[in-house]
Amino acid sequence: MSRIVLFSDFFPPHIRGGAEVSTSLLAKELVKYHHVEVVTSKLSSSDWKWNSITIHPILSRNEIKNKNAFSLLKYAIGIIVLPILNTYRIHKFLKYNKFDVINFVPTSYVSFPMIILVIIFSRKIRIVIDARDYTLICISDFNNNSTCKFEHRHKCTSHINSLYQNDNRLIGLLQPLMGLYEVTIFNIYKITLRFIINNDSKVRVVALSEYVKKQLTNNGYNKNKIEVINNIAETNDENKRDQRQALSYDFIYAGRLEKPKGIWDAIHAFEQLNMPNINFAIAGDGAEYNLIKKYIKQNNLDNIILLGKLPPENIIDLYKKSKFVLAPVKRPEPFGRFIQEASIAQTPIIAPNIGGIPEALSDGISGFLYDPTLSKGLLKTLSKASNIDGLELSKMQNKIGKLSVKYSPSFIYEKRIKTYFDI
């Protein structure tokens, strides 16, 4: 039995999105055959247990909590100080807890120095770094004001003025200077980590999709150090669609209500569709929630149903009650957890033909893909899906359902273990 530790900024019951769901499902499968522990942020005052796994909340996070100059200064100092503090804590943890494999799931570049120093000082431990998005490439991937493009080598300097959302005048004046400072620190961290990944034989990167691998290699990472492994999903019988089950929704969106997720594009397209007998359900919360709620009420959009935030374990059941999963993302999605969950629920997907999405979906076969650069691309696709007949819908359900085996716990487990121990 091998000893494996996963480093994740968030972990159940404290989660923010699909990355944490995927990490927890991976840990749940690994612990069946190995000793597994998780190191996460200070989300609790003491360790806790989850599926017989011990969770250690020892990492400090660096966030701008208040929109004032003091918070900005504290954040700027934290970019350098907190990685040192976290590295010290991890060094103590690894000194008294021996592991065969360390799996990092970074969601912020602030964890880069910690990863670098662990690689340097843990000479005999296998290291795997998950690239579930563009964190190893881009500083502003998680920012709501920017849409990153990765078709060529990425230049973070183009995002200096879009790194912060604020309505504070002083922060607005400091924004370019702070942006330049943060981009400079990010590039120092990134270049150092990239060099170590490319040259240390015990380190591997797991990319979420072939698209993510392509962007990593475009930005200087050695393609021979990168394995492509999709996210894991629970493919048990309870999650399978019952064809006799009555459908509650025509279209369903489940995720963060943020502009880069394209939620407003979906609402406006559905409004233009103007088919009162067709409904659209929205599950999730985020920065746009209250604005969406107000917009629906003001415009009497009675067939748009705002469900609020739901537990992750309820999402597949929600998909099973819907004709189509709508994922109108604006930026190139690395792959999208909605692909796995919709496949399990046997629910066809409507999504743009960008990022890693076309790797899993075929237009007109397992759903509908549209060109997001066309002004009415989404509207025309919604119209087409609204008029689909029962036989064609059934064929799509069967086709996308067959994809789920690629995301099953046993399949993903085997690929992970091969990556862990073939290093």
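**Rings, helices and a buried alanine**

Reply: Start with R3, which lies over the face of F99, 5.0 Å from the ring centre. A charge sits over a ring if NZ of Lys or CZ of Arg is within 6 Å of the ring centre and within 35 degrees of the ring normal. Keep in mind that this is a predicted model: local features need pLDDT of at least 70, side-chain atom pairs count only at pLDDT 80 or more, and totals for chains, interfaces and linings use all residues. Residues are numbered from 1 along each chain as its sequence is written, and side-chain values use heavy atoms, with hydrogens and water left out.

Me: How many aromatic pairs are there?

Reply: Rings of Phe, Tyr and Trp (its six-membered ring) pair if their centres lie within 6.5 Å; planes under 30 degrees apart are stacked, over 60 edge-to-face, and the rest tilted. By that rule you get 15 aromatic pairs. Take F93 and F99: they're stacked, 5.8 Å centre to centre with 25 degrees between the planes.

Me: Are F93 and F99 buried or exposed?

Reply: Buried means under 20% relative accessible area, exposed over 50%, and partly exposed in between (1.4 Å probe, protein chains only). Here F93 and F99 are both buried. Now look at Y134 and Y211, an edge-to-face pair at 6.5 Å centre to centre and 80 degrees between the planes. Y134 is in the loop between strand 6 (126-131) and helix 4 (169-199), while Y211 is in helix 5 (residues 210-218), so the pair links distant parts of the chain, 77 residues apart. Helices (H or I, at least four residues) and strands (E, at least two) are DSSP runs, numbered from the N terminus. Y134 and Y211 are buried too.

Me: What angle do helix 1 and helix 12 cross at?

Reply: Two packed helices are described by the angle between their axes and the distance between the axes. The axes of helix 1 (residues 18-30) and helix 12 (residues 409-421) come within 10 Å and cross at roughly 80 degrees. That makes the two helices roughly perpendicular (the range is 65 to 115 degrees; under 35 is roughly parallel, over 145 roughly antiparallel, the rest oblique). Contact means heavy atoms within 4.5 Å, and residues making it include L26 of helix 1 and Y413 of helix 12.

Me: Which residues does A385 touch?

Reply: Not counting residues up to four places away in sequence, A385 touches F251, F324, I350 and F368. A385 is in helix 10 (residues 377-386), buried at a relative accessible area of 3%. Ring pairs link F251, F270, F280, F324 and F368 into a cluster.

How values were computed:
Axes are lines fitted to C-alpha atoms, for helices over the stretch in contact, and angles run from 0 to 180 degrees between N-to-C directions.
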